[in-house]
Amino acid sequence: MAFDEYQKRDFKQVGTRVRRPDGVDKVTGRAMYGADATAPGMLVGRILRSPHAHARIKSIDTSAAEALKGVKAVLTGADLPVQDEDFIRDVQDNCMARNKALYDGHAVAAVAAVDAATARAALKLIKVDYEVLPHVTDVDVAIKPGAAVVQDGRTLENVPAGMSENLTSHCEFGHGDPEAGFARADKIIARSFRTAATHQGYIEPHAALANVTSDGKAELWCCTQGQFYVRTLCAAIMGMEASQLRVTASEIGGGFGGKTTVFIEPVALALSRKAGRPVKIVMTRDEVFRATGPTVHTSMDIRIGMTKDGKITAAEAHLRYSGGAFPCGTVDMGAQAAFAAYDLEHVRTYGWNVLTNRPKEAAYRAPGAPQAIYAVESVVDELCQHFGLDPIEVRLKNAAKKGTKSSYGPTFPDIGLVAILEAAKAHPHYSAPLAPGQGRGISCGFWFNFGGNSCVSMNINTDGTVGVTEGNPDIGGSRASISLMAAEELGIDYDRVRTIVADTSSLGYNDVTDGSRVTFAVGLATIKAARDAIRVMRGRAAKIWGIEEEAVDWKDGAAIPAGPNAGKFPPMTLAEIAAVSFETGGPIAGHHEVNVDGAGVSFGVHIVDVEVDKETGATKVLRYTVFQDAGKAVHPSYVEGQMQGGAVQGIGWALNEEYIYGADGRLQNPGFLDYRVPVASDLPMIDTVILEIPNPGHPYGVRGVGETGIVPPLAAISNAVSRSAGIRLSELPMSPPRVLRALGG
Amino acid sequence: MVKVRLWGSLRQAADGLTDVEVEARTFKELLDRLGESYPGLKPQIARGVSLSLDGVIYREAWFTEIGPESEVVLMPYMTGG
């Protein structure tokens with residue numbers, strides 16, 4: 001059996017609900033977030049942003065700002081190098097516009113000054129001469145003939161000639177002959193859907209403190225989901241060697257995918273290099289909304305055929321996603337995920353990416369999947385209603401399972417969808433009575449999960465405690481789960497292990513904390529690092545006992561003779577071996593570096609009860625239950641938290657959250673007063689049911705859990721609304737005005 | 001020979017084929033042979049692809065071994081949040 005494969009075992013530490021290591025610092029205010037970093041002589045950085053959705057920058061006059069007392073540096077796009085490679089050029093141009101402002105809020109200049117008041121005053125002295133251009137902020141309008149072209153020359157070779165220049169890429173997935181399948185259907189429903197762009201809504205705004213010294217070295221402290229990737233991007237933009245830029249990730253106040261790239265970090269570095277002093281930039285909430293990375297907004301056409309006994313005969317989806325003013329590949333993920341929950345003989349999805357004058361999309365939990373699956377699950381539900389069929393029974397009848405050729409190509413190995421559906425069907429929530437006016441909806445969800453580059457270093461201290469160093473910011477409890485896996489493998493108590501997140505100079509490259517990868521991939525590296533340390537400790541015990549290393553086993557946190565022929569020695573514990581490590585060869589450590597693959601896909605099912613107020617159009621969520629296959633739940637409380645958090649963000653997406661642009665192309669609601677995220681008083685307790693179907697690609701059976709939870713709520717709530725109010729909405733969010741319009745009010 | 005399933009929009013770069021056959025023992029060899037046999041695939045390979053091997057998705061890993069009976073599906077490079 002290969003190392004990485006799952007092996008059944010009785011866990012002692014993994015699966016327990018230990019105290020979270022960051023809890024005390026966070027509730028007492030001691031945790032150091034991005035904006036808490038300071039440095040002697042630090043300047044305040046501020047960014048000037050375009051008031052236009054689309055404008056050519058004819059000139060920028062910074063002379064008055066530079067002359068203002070207290071201003072130490074002024075920066076424009078002309079101060080940054082011209083990049084040859086498309087991807088880096090897009091990242092850089094999004095941080096600081098060069099020739100054109102591509103959306104409302106696009107950065108056009110920046111200043112560093114001795115205080116915030118001076119910096120703000122300096123921004124007002126910068127004169128930008130704009131030539132305002134026609135703009136387009138809607139995905140459907142952007143592909144019409146005559147629409148404003150956001151960027152020309154960005155169309156990939158996979159887009160047929162003669163189409164809108166705003167169409168930058170195309171994808172197609174599927175198998176079979178959908179038209180033949182539709183011919184066998186008793187009912188075909190075709191519907192069009194739209195979903196609004198939403199923001200991840202993290203509480204902590206982006207913050208960065210940069211310090212570039214005169215010898216070309218640089219330090220950067222920032223809140224990010226991936227300090228190593230920040231280093232890669234910033235080093236490319238700054239023309240620096242990676243070794244000269246050390247990036248330290250702060251404690252993070254939420255990311256959800258939105259902190260997987262850079263926005264202000266290169267600007268802070270460039271200002272610091274120009275000023276010769278440390279520069280700190282902290283975004284306002286207005287800037288976070290206008291100039292970071294919300295989701296794509298979408299327009300979708302779905303067609304599904306079904307027999308009267310609930311068998312899906314064919315399915316087809318056309319997806320148009322816009323990730324703003326720069327090309328993005330999110331529609332590829334949506335097109336692959338759309339029908340993943342179903343075992344289909346005939347299926348096809350087509351995806352198009354569309355440019356609009358909006359901010360550059362960033363990832364948001366399961367990027368691309370919630371939108372497509374919302375549309376698919378809505379039509380499946382409408383077919384269930386048409387035939388009077390039970391929604392879970394229909395999904396069971398068509399569920400993907402081991403051996404199913406997935407709609408995106410591969411044949412599924414062991415997956416947990418049927419088990420999850422069965423659990424949902426058997427749960428008391430599904431059979432609980434509803435009062436008049438209340439409706440119940442369900443939806444399936446899916447996400448791929450993946451692994452990636454991971455490095456772990458593990459030091460065995462002489463007092464028998466263990467320090468684990470890993471390189472991924474902890475956005476979902478990874479320090480606890482990694483400590484638990486280290487303790488499990490070493491055979492010691494969780495309290496004897498402390499895990500810290502390293503800066504980029506202290507460890508090899510680690511991929512970003514995304515893709516639900518950390519507990520799976522870094523956990524695997526941790527287990528292997530522990531086995532490396534155990535190998536060393538077995539060797540030390542063998543030397544002490546005067547026997548061969550192969551004659552020493554490791555059990556329950558101690559070296560033991562492998563058998564009667566090895567000799568009679570009492571177990572030598574980790575602490576005993578560590579205590580004499582200086583005398584037996586020096587400090588003891590284990591480490592492991594790997595690019596992990598083998599992440600298992602994840603399915604979820606959500607059940608929700610709602611009641612629509614037909615006078616106000618407001619939808620009240622009454623009861624909500626999440627079912628998800630987590631593989632082995634390393635720390636069940638954190639797993640539940642991920643499931644609950646995903647559901648809550650999905651509820652916001654379904655009911656209220658929306659980027660609203662005016663006719664002038666400017667964002668109308670860049671703040672939490674007008675961009676309505678759910679708060680505790682809006683929500684019932686989100687109940688959770690964890691199913692532990694082991695991932696065969698991980699020694700403990702772990703799967704990722706961070707993303708799948710946001711996928712089902714959109715359709716589950718829409719389906720519940722249709723059963724509560726008798727209206728089928730096809731556009732998100734289902735905000736009160738939209739519901740009232742659908743009700744004819 | 002290894003049979004490789006391409007996603008639909010790559011057909012135009014592979015003589016209209018959805019399934020193509022190349023001589024390869026590893027992920028790296030497979031990408032190289034695909035690029036040589038179907039130069040129209042090179043831009044997508046350069047942008048990044050994932051590989052599903054018997055249902056397990058690999059994002060990189062050049063030296064992942066591929067057997068002649070393996071189910072091999074080329075996929076876009078996976079990204080997450």
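## A cis peptide bond and its loop

P733(A) sits in the loop between β27 (731-732) and α21 (736-742) of chain A. Helices (H or I, at least four residues) and strands (E, at least two) are DSSP runs, numbered from the N terminus. The peptide bond from L732(A) to P733(A) is cis, with omega near 5°.

This is a predicted model, in which local features need pLDDT of at least 70 and side-chain atom pairs count only at pLDDT 80 or more, while totals for chains, interfaces and linings use all residues. Residues are numbered from 1 along each chain as its sequence is written, chains are lettered from A and ligands numbered from 1 in the order in which they are written, and side-chain values use heavy atoms, with hydrogens and water left out.

## Positive phi values

Most residues other than glycine have a negative phi, and most peptide bonds are trans. S516(A) has a positive phi, near 55°, and is not a glycine. Its place is the loop between β19 (497-501) and α16 (518-545) of chain A. S516(A) counts as buried, because its relative accessibility is 12%. Buried means under 20% relative accessible area, exposed over 50%, and partly exposed in between (1.4 Å probe, protein chains only).

D15(B) also has a positive phi, about 55°, without being a glycine. It lies in the loop between β1 (2-5) and β2 (19-22) of chain B. D15(B) counts as exposed, because its relative accessibility is 65%.

## Nonpolar cores

A nonpolar core is a set of buried Ala, Val, Leu, Ile, Met, Phe, Trp, Tyr and Cys residues joined through side-chain atoms within 4.5 Å. The largest has 122 residues. Among the members that touch the most others are F448(A), I717(A) and L30(B). Helix α11 (residues 369-387) of chain A gives the most to this core, with ten residues. A second, separate core of 41 residues includes I47(A), M238(A), V247(A) and M283(A).

F448(A) has contacts (heavy atoms within 4.5 Å) in both chains. Leaving out residues up to four places away in sequence, its partners include M333(A), Y408(A), I57(B), M75(B) and M78(B).

## Where the chains meet

The contact takes 26 residues from chain B and 37 residues from chain A. The area buried between them is about 2,300 Å², and carbon and sulfur atoms give 52% of it. Buried area is the accessible area (1.4 Å probe) that two parts lose on being put together, summed over both. In chain B, R59(B), G80(B) and G81(B) lose the most area to chain A, together 24% of what that side buries.

Three salt bridges (a side-chain nitrogen of Lys or Arg within 4 Å of a carboxyl oxygen of Asp or Glu) cross the interface. E172(A) forms a salt bridge with R11(B), with the closest N and O atoms 3.2 Å apart.

Q649(A) lies in helix α19 (residues 636-655) of chain A. It counts as buried, because its relative accessibility is 10%. The side chain of Q649(A) reaches the backbone oxygen of Q200(A) at 3.1 Å. Q649(A) also touches F256(A), Y364(A) and I710(A), among others, not counting residues up to four places away in sequence.

Helix α12 (residues 391-398) of chain A is mostly covered, with six of its eight residues buried. R395(A) and N398(A) are among the buried ones. At the start of α12(A), a side-chain oxygen of D390(A) comes to within 2.9 Å of the backbone nitrogen of I392(A).

Methods: Polar contact = N/O pair within 3.5 Å; in protein donor to acceptor, adjacent residues only side chain to side chain.
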